[in-house]
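Subject: Two-chain model, handed over with notes

Hello,

Here is the structure you asked about, with the sequence alongside. My notes on what was found follow below.

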Amino acid sequence: MASITASSVSFPASCPLKQNQVSDLKKVSLSFSRKSFPSLRFQPSRFRIACAAKPETVDKVCEIVRKQLALPADSAVTGESKFASLGADSLDTVEIVMGLEEEFGISVEEESAQTITTVQEAADMIENLKAKKA
Amino acid sequence: MRCGQVRYQLGEHREMELENGVQRWIVDISNWNPSPHCFSFAMSFLPNHEYSSITRFVELEDQKRALVSRLLQYALVHQVLGIPFDEIIIRRTPEGKPYLVCDNMKLAFPNFNFNASHHGDYVAIASEPICLVGLDIVSHSVPKNETAYEFVQNFSSYFSSSEWNHIMHAGSSDEMLHIFYRYWCLKEAFVKAMGTGVGYKLDDVEFHHMNWNNIFVEVAGKELKDWKFWLLDLGRNHSVCIARGQPRAATTSYRTTLKQIKFDDEEYYHGLHLPNASFTFRTVEDLIQVIYGADQVPSDISTKFDVSEDEGCERARFVQQLG
């Protein structure tokens, strides 16, 4: 099977739009099933363009993921890292989302939780939810 | 793409054939610690396009599990269906479920399908000739960053109230974990059989059992009589679960990969009540032998037969066995 590296389309960190305008943005993202491999097809109804999350948020997500998966401190965990590739199973994925909810004081709906499969996507979703709360 | 339906008649000959479609293989990878060279050697028995799906894993243990899972898939299909190794095409649905692309009209079984799983020390595969099969292994790991109670609380929304009561009323935190993991294993095997992701509304899926025997499931309060479940404990705190059920329940994407979805009552009953074969323990060398014994040998195999001084490498012994 061809290996498709999926990544969300994102703008550079110096996004010109203010956070409280996040909800007006059109976002592009690929919808994945939480458990394993990325979808081979776009789902047109879920096109959105995301502002990239702050580096601190990405770092924090990396930390939570690293801790949950008991990865050595020097293992490569970046925005592009897919949870599954880091060894996350279905139990880990639930716990990672729980850990993010606790850390960032947000509540993630099950449907949204299913769409995040990389660190970057988690960070973007966190920023989005925090902005909505604000 | 659907293959044409194969009409079959019940008969003793057919019965034996059908039972051959029920396979349960398992590998204990805690005993397999290959050097990088041995690892590459084992990987070389798979088609090239599978390599990136193994090497994408950051941790070696995950790469090992991914490799062994694929070896199991190719070896099983080759051994049971007799398809020449280089003609075996295994793809994945968008949800990640592997399936055999059945171009070959001569497949002996009405609806051969398989499912693999890995966790902890074990990698396993199960196949069925008529019903859908789902397989899950869980390792009963003790949570590191929190108490057992805190850990299971994270998952409360995935359990029905009766299941949750059972978990919460365990006699000890160890027992609570065991009960939790067994229910989780059952749910996973069920959704994996159908090919859906974790998104299935699992608190509506309620498992009933008598001390983990005679297991049946109720979905939204209604018993699914066309499903069967088995749960076994494996050594060193692991459980394995088999789910066998109705092909019509397959998720849309998986359904398109199946040879036959509709069965008449008699045929389906027969498939549902086939013996549940016990697990056969295989080793990585066994699997390579099954594949190596196939018609197609990787063209550069002679360069892999570099019998090094590395005593830890099972490959050297394996090569010597082949003479």
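Buried residues account for 50% of the 134 residues in chain A. This is a predicted model, and every value in these notes is computed from it. Chain A contains 4 helices and 2 strands, and their order along the sequence is β-β-α-α-α-α. Of the contacts in chain A between residues at least 6 apart in sequence, 62% link residues at least 24 apart. The accessible surface of chain A is about 7,100 Å², and carbon and sulfur atoms contribute 53% of that.

For chain B, buried residues make up 56% of the 323 residues. Chain B has 12 helices and 12 strands. Where contacts in chain B have a separation of 6 or more, residues 24 or more positions apart account for 65% of them. The accessible surface of chain B is about 14,200 Å², with 48% belonging to carbon and sulfur atoms.

Helix packing

Two packed helices are described by the angle between their axes and the distance between those axes. In chain A, helix 1 (residues 55-68) packs with helix 2 (residues 90-104) at an angle of about 135 degrees, and the axes are 10 Å apart. An angle over 145 degrees would count as roughly antiparallel and one of 65 to 115 as roughly perpendicular, so helix 1 and helix 2 of chain A are oblique to each other. Their crossing is right-handed. On the helix 1 side of chain A, the residues that meet helix 2 are Thr57(A), Lys60(A), Val61(A), Ile64(A), Val65(A) and Gln68(A). Their counterparts in helix 2 of chain A are Asp92(A), Glu95(A), Ile96(A), Gly99(A), Leu100(A), Glu103(A) and Phe104(A).

In chain B, helix 4 packs with helix 10 (residues 284-292) at an angle of about 45 degrees, with the axes 9 Å apart. That makes helix 4 of chain B oblique to helix 10 of chain B as well. Helix 4 of chain B passes helix 10 of chain B in a left-handed crossing. Helix 4 of chain B makes this contact through Val68(B), Leu71(B), Leu72(B), Tyr74(B), Ala75(B), His78(B) and Gln79(B). From helix 10 of chain B come Val284(B), Leu287(B), Val290(B) and Ile291(B).

Asp62(B) is in helix 4 of chain B, which covers residues 60-81. Is Asp62(B) buried or exposed? Its relative accessibility is 12%, so Asp62(B) counts as buried, the cut-off being under 20%. Leaving out residues up to four places away in sequence, Asp62(B) touches Leu86(A) and Gly87(A) in chain A, and Phe57(B) in chain B.

Phe39(B) lies in helix 2 of chain B, residues 36-43. Phe39(B) has 7% relative accessibility and therefore counts as buried. With residues up to four places away in sequence again left out, Phe39(B) touches Trp32(B), Pro34(B), Ile54(B), Leu60(B), Gln63(B), Lys64(B) and Leu67(B). Phe39(B) and Lys259(B) are 220 residues apart in sequence, and their C-alpha atoms are 35 Å apart in space.

Cysteines

A disulfide is a covalent bond between the sulfur atoms of two cysteines. How many disulfides are there over all chains? The count is 0. Cys241(B) counts as buried because its relative accessibility is 0%. In chain A, Cys62(A) also counts as buried, at 6% relative accessibility.

Positive phi values

Asn214(B) has a phi near 50 degrees, a positive value in a residue other than glycine. Asn214(B) is in strand 8 of chain B, residues 213-219. At 55% relative accessibility, Asn214(B) counts as exposed.

Ala220(B) also has a positive phi, near 50 degrees, and is likewise a residue other than glycine. Ala220(B) sits in the loop between strand 8 and strand 9 (222-223) of chain B. Its relative accessibility is 60%, so Ala220(B) counts as exposed.

Regards

Terms used
Residues numbered from 1 in each chain as written. Chains lettered and ligands numbered in written order. Predicted model: local features only at pLDDT ≥ 70, side-chain atom pairs only at ≥ 80, totals over all residues. Heavy atoms only, no water. Buried < 20%, exposed > 50% of the residue type's maximum accessible area, 1.4 Å probe, protein only. Contact = heavy atoms within 4.5 Å. Disulfide = S-S within 2.5 Å. Areas by Shrake-Rupley, 256 points an atom, 1.4 Å probe, with all protein chains shown as cover. Axes fitted to C-alpha atoms, helices over the stretch in contact; angles between N-to-C directions. Parallel < 35°, antiparallel > 145°, perpendicular 65-115°, else oblique. Left-handed = near helix turned anticlockwise from the far one by under 90°.
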